[in-house]
Amino acid sequence: MPVPVIAISNRFTLEPAPAEQAERLKAALLGAAGEGADLLLDASGMTHIFSFEVAVLVQVTEALRGRGGELVICGLGEKLLLVVEMLGLTAHLDLRETLAAGLAAHGWTQGETVDFASSDGDAD
């Protein structure tokens with residue numbers, strides 16, 4: 001089954017405020033899942049992770065699981081994975097080394113990919 005992919009990257013900006021950025025990210029992730037319940041997040045373009053982004057990943061995971069689906073986070077770099085581990089979230093999040101591994105783990109095929117820059121909220 002084709003599953004949508006959000007390819008997320010970071011841009012260093014101070015605007016908009018973190019709360020607004022969090023809402024934009026959450027809306028983008030849930031919007032990409034649409035009527036479906038599954039979503040892949042390609043995090044290989046992330047160079048850092050803010051606390052609001054971690055909170056959104058947990059919220060979206062819970063929302064999709066409530067629909068019977070899953071958020072699969074792929075490609076977190078070593079430093080970002082360490083942050084997630086230090087927060088004790090590895091047991092709560094479906095983390096995969098690569099996009100291909102995330103697809104294979106669930107028997108999914110790759111659907112439409114949407115690029116999202118986390119710091120300014122613009123979907124390309």
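Here is a short tour of the sheet, the opening helix and an aromatic pair in this structure. This is a predicted model, in which local features need pLDDT of at least 70 and side-chain atom pairs count only at pLDDT 80 or more, while totals for chains, interfaces and linings use all residues. Residues are numbered from 1 along each chain as its sequence is written, and side-chain values use heavy atoms, with hydrogens and water left out.

**The sheet**

- Let's start with the open sheet, where 5 parallel strands follow the order 4-3-2-1-5; strands are DSSP runs of E with at least two residues, numbered from the N terminus, and two of them pair if DSSP finds at least two bridges between them.
- Strand 4 (94–96) and strand 5 stand at the edges with a single partner strand each, so one side of each has no neighbour in the sheet.
- From one strand to the next, the twist averages 25°, taken between N-to-C directions of axes fitted to C-alpha atoms, on a scale from 0 to 180 degrees.

**Strand 2 and its partners**

- Strand 2 is largely enclosed by the rest of the structure, because 6 of its 8 residues are buried (under 20% relative accessible area with a 1.4 Å probe, protein chains only; exposed is over 50% and partly exposed lies in between).
- Strand 2 pairs with strand 1 in the parallel sense over 4 bridges, and I6 has L41 of strand 2 as its bridge partner.
- D42 of strand 2 stands opposite A7, and D42 also stands opposite C74 in strand 3.
- Strand 3 (residues 70–74) runs parallel to strand 2 and is joined to it by 5 bridges.

**Helix 1**

- Helix 1 (residues 18–33) has 16 residues, which at 1.5 Å a residue should span 22 Å, and its end C-alpha atoms agree at 23 Å apart; the expected span is 1.5 Å times one less than the number of residues, and a helix is a DSSP run of H or I with at least four residues.
- Q21, A22, L25, L29 and A33 are the buried residues of helix 1.
- Seen down the helix 1 axis, these buried residues fall within an arc of 105°, so they line one face; the arc is that of the directions from the axis to the C-beta atoms.
- Those buried residues pack against strand 1 (2–9), strand 2 (38–45), helix 2 (51–66) and strand 5 (109–117), with contact meaning heavy atoms within 4.5 Å.
- Exposed A19 and E23 sit on the face of helix 1 turned away from its buried side.
- G34 follows helix 1 and has a positive phi, near 55°.

**The aromatic pair**

- The count is 1 aromatic pair, where rings of Phe, Tyr and Trp (its six-membered ring) pair if their centres lie within 6.5 Å; planes under 30 degrees apart are stacked, over 60 edge-to-face and the rest tilted.
- F50 and F52 form a stacked pair, because their ring centres are 5.6 Å apart and their planes are at 5°.
- F50 is partly exposed at 34% relative accessible area, whereas F52 counts as buried at 12%.
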